[in-house]
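Below is a short briefing on one protein chain. Look at the sequence and the structure first, then read the points by topic.

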Amino acid sequence: GIEMLNSQYLSMFSQNSGIADPHCDPCAIARKAARFARKIASPEFGGSLPEVDVTFHGKADARTLPLVPSYLMYILMELLKNSVRAVAEQHRAVGLTSAAVPPIVIRVASDDSQVV
């Protein structure tokens, strides 16, 4: 809480916009986090990595929300690093080919009052 308030305050003076993005797109952040998570796991697992499928369900005008993108990116990176590793290890252990590795699915949904 305090660290975020301090970052916002200091950012307002250096960037004139702050760290919060009033129109943050969680799908875009999730796709970026997925690319990084796969890149991190690639040296260990090669081509046997699961794809990450990000989909949006809801009204297009309710797709964005005010959020701190760097915080969402950090949370998603940690979740996806663990997910990619777990799926890759599980399928390497049973000897499946890269074509048989199921994707990791992220579904972002929204209505007029929330995005989940």
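Confidence in the chain is lowest in helix α1 (residues 2-14), at a mean of 66, and highest in β2, at 95. The score is pLDDT, the predictor's confidence in each residue, from 0 to 100. This is a predicted model, in which local features need pLDDT of at least 70 and side-chain atom pairs count only at pLDDT 80 or more, while totals for chains, interfaces and linings use all residues. Residues are numbered from 1 along each chain as its sequence is written, and side-chain values use heavy atoms, with hydrogens and water left out.

**The chain as a whole**
- The mean pLDDT of the chain is 85, and 84% of its residues reach 70 or more.
- There are three helices and four strands in the chain; helices (H or I, at least four residues) and strands (E, at least two) are DSSP runs, numbered from the N terminus.
- Their order from the N terminus on is α-β-α-β-β-α-β.
- Of the 116 residues in the chain, 28% are buried, where buried means under 20% relative accessible area, exposed over 50%, and partly exposed in between (1.4 Å probe, protein chains only).
- Among contacts (heavy atoms within 4.5 Å) with a separation of 6 or more, 76% are between residues 24 or more positions apart.

**Helix α2**
- Helix α2 (residues 26-45) has 20 residues and should span 28 Å at 1.5 Å a residue; its end C-alpha atoms are 27 Å apart, which agrees. The expected span is 1.5 Å times one less than the number of residues.
- Its buried residues include Ala30, Ala33, Ala34, Ala37 and Ala41.
- An α-helix has 3.6 residues a turn, so residues three or four places apart point the same way.
- The buried residues of α2 pack against β1 (21-24), β2 (52-57), β3 (65-67), α3 (69-93) and β4 (104-109).
- At the start of α2, the backbone nitrogen of cysteine 27 lies within 3.0 Å of a side-chain oxygen of aspartate 25.
- After α2 comes glycine 46, with a positive phi near 60°.

- Alanine 60 is in the loop between β2 and β3, and is exposed, with a relative accessible area of 68%.
- Alanine 60 and serine 110 are 50 residues apart in sequence, and their C-alpha atoms are 8.9 Å apart in space.
- The charged end of arginine 63 sits over the ring of phenylalanine 56, 5.0 Å from its centre. The rule asks for NZ of Lys or CZ of Arg within 6 Å of the ring centre and within 35 degrees of the ring normal.

How values were computed:
Polar contact = N/O pair within 3.5 Å; in protein donor to acceptor, adjacent residues only side chain to side chain.
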